[in-house]
Amino acid sequence: MIPARDGILTGIGKGENAMARGEMLTVFSYDVSENKRRRKVARILEDAATRVQYSVFEASMSKMRADSLGQRIAALLGDGDSLRVYVIGADGRARSRVYGDAAPFESEEGYWLL
């Protein structure tokens with residue numbers, strides 16, 4: 001990685017990485033009380049992201065895609081339900097760690113780093 005003029009890291013070598021494409025690590029966490037709605041939310045997220053805990057998913061995606069996914073899920077939420085969306089930029093991703101028996105973060109290339 002080399003710093004660009006604006007201080008953002010840019011990829012070198014074969015192909016551009018997710019950050020260069022405007023994608024960031026996005027974490028979705030939900031709390032849905034009703035089983036039917038909870039299953040619908042989970043199915044939507046399973047199609048777009050990797051499940052890392054029962055109600056927590058993560059994926060590299062653009063802001064536009066994350067907003068669209070969040071709005072789609074928000075339309076399903078009932079009283080007392082919630083969806084949290086955390087966007088982690090390049091600096092935050094580099095400083096993030098996984099400990100214990102958890103799977104590593106989704107890589108920018110779409111495969112697991114070991």
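Which residue in strand 5 is the bridge partner of arginine 51? Hold that thought for a moment, everyone. What you see here is a predicted model, and the answer is phenylalanine 57.

Let's look at the strands around that bridge. Strand 4 and strand 5 run antiparallel and are joined by 3 bridges. They belong to an open sheet of 4 strands, whose order is 4-5-3-6, with antiparallel pairing. At the edges we find strand 4, residues 50-53, and strand 6, residues 82-88, and each of these pairs on one side only. On average, neighbouring strands in this sheet are turned by 30 degrees against each other, if we ignore direction.

Now for the helix. Helix 2, residues 63-74, lies across strand 3, strand 5 and strand 6, and runs at about 140 degrees to strand 5.

Back to phenylalanine 57, then, and on to the rings. The structure holds 1 aromatic pair. Its partners are tyrosine 30 and phenylalanine 57, with ring centres 6.3 Å apart and planes at 25 degrees; stacked means under 30 degrees, so this pair is stacked. The pair links distant parts of the chain, since tyrosine 30 is in strand 3, phenylalanine 57 is in strand 5, and they are 27 residues apart. Are these two buried or exposed? Both tyrosine 30 and phenylalanine 57 are buried.

One last stop, at arginine 51. Its charged end sits over the ring of tyrosine 54, 5.3 Å from the ring's centre.

Technical notes
Residues are numbered from 1 along each chain as its sequence is written. This is a predicted model: local features need pLDDT of at least 70, side-chain atom pairs count only at pLDDT 80 or more; totals for chains, interfaces and linings use all residues. Side-chain values use heavy atoms; hydrogens and water are left out. Rings of Phe, Tyr and Trp (its six-membered ring) pair if their centres lie within 6.5 Å; planes under 30 degrees apart count as stacked, over 60 as edge-to-face and the rest as tilted. Helices (H or I, at least four residues) and strands (E, at least two) are DSSP runs, numbered from the N terminus. Buried means under 20% relative accessible area, exposed over 50%, partly exposed in between (1.4 Å probe, protein chains only). A charge sits over a ring if NZ of Lys or CZ of Arg is within 6 Å of the ring centre and within 35 degrees of the ring normal. Two strands pair if DSSP finds at least two bridges between them. Axes are lines fitted to C-alpha atoms, for helices over the stretch in contact, and angles run from 0 to 180 degrees between N-to-C directions. Contact means heavy atoms within 4.5 Å.
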